[in-house]
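Q: I am new to this structure. Can you show me how to read its features, one at a time?

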Amino acid sequence: MQTDEILKGEKVTLRPLLLSDCTQEYADWLNDPEVNKYLECRWQHHTIDTLKSFVQSIHNDKTSFMFAIEYNGKQIGNIKLNIQSQRYKRADVGYFIGNKDFWGKGLATEAVKLIVNFGFEKLDLNKIVAGAFEQNLGSIKVLSKAGFCKEACFKKHSFLNDETSWSDVWEFGILKDDWKNFKKEK
């Protein structure tokens with residue numbers, strides 16, 4: 001779903017992802033095995049055209065909000081909030097930092113906090129969830145620092161590298177009431 005919301009943090013800004021963001025650099029991120037190691041899009045090759053098609057489909061989707069993660073005015077990754085259930089006010093979040101120069105600097109954590117706040121404050125969600133491969137220690141750290149709690153472990157839930165190496169996937173969640181308390185503590 002297209003939104004005009006711009007979410008500003010101390011280091012990063014989240015702004016709506018545009019068709020003009022579909023650059024070769026973006027495609028290169030998604031084709032980089034180190035960047036896409038834990039992303040579902042790792043199974044296909046990406047081009048500017050496939051990116052534009054994807055972004056257009058998100059704009060037409062009434063349940064998804066896709067933002068570019070910007071640092072100093074430069075896109076370094078993306079984050080998406082997908083409404084799973086309007087009735088139960090539940091959504092999931094997915095994100096990546098494509099520019100490896102910005103890994104390990106707390107930018108993904110800030111982006112997740114911004115989108116969680118957007119989900120609870122602007123969309124009146126009750127719960128936001130996220131999944132992480134058990135090997136994805138960076139994402140597990142991001143979610144924990146953003147106030148999420150591990151809720152479940154799905155055994156041999158997805159393939160990691162090929163169709164023979166199964167991986168457990170951990171499910172994390174945060175409730176609106178817990179988010180309010182988490183924000184007060186910080």
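A: Start with a term. Buried means under 20% relative accessible area. Keep in mind that this is a predicted model.

Q: Is F96 buried or exposed?
A: F96 has a relative accessible area of 12%, so F96 is buried.

Q: How is a pair of aromatic rings described?
A: By the distance of the centres and the angle of the planes. Here the count comes to eight aromatic pairs. One of them joins Y26 and F96. Their ring centres are 6.5 Å apart, with 25° between the planes, and the pair is stacked.

Q: Which parts of the chain does that pair link?
A: Distant ones: Y26 is in helix α1 (residues 24-31) and F96 in strand β5 (residues 90-97), 70 residues apart. Y26 is buried too, at 2%.

Q: How do W29 and F96 pair?
A: Edge-to-face, at 6.2 Å centre to centre and 75° between the planes. W29 also sits in helix α1, 67 residues from F96. At 7% relative accessible area, W29 is buried.

Q: What lies over the face of W170?
A: K150, at 3.5 Å from the ring centre.

Q: How many residues of helix α3 are buried?
A: Twelve of its 15 residues, and α3 is mostly covered. Among them are L107, V112 and F120.

Q: What span should helix α3 have?
A: At 1.5 Å a residue, α3 (residues 107-121) should span 21 Å. Its end C-alpha atoms are 21 Å apart, which agrees.

Notes: Residues are numbered from 1 along each chain as its sequence is written. This is a predicted model: local features need pLDDT of at least 70, side-chain atom pairs count only at pLDDT 80 or more; totals for chains, interfaces and linings use all residues. Side-chain values use heavy atoms; hydrogens and water are left out. Helices (H or I, at least four residues) and strands (E, at least two) are DSSP runs, numbered from the N terminus. The expected span of a helix is 1.5 Å times one less than its number of residues. Buried means under 20% relative accessible area, exposed over 50%, partly exposed in between (1.4 Å probe, protein chains only). Rings of Phe, Tyr and Trp (its six-membered ring) pair if their centres lie within 6.5 Å; planes under 30 degrees apart count as stacked, over 60 as edge-to-face and the rest as tilted. A charge sits over a ring if NZ of Lys or CZ of Arg is within 6 Å of the ring centre and within 35 degrees of the ring normal.
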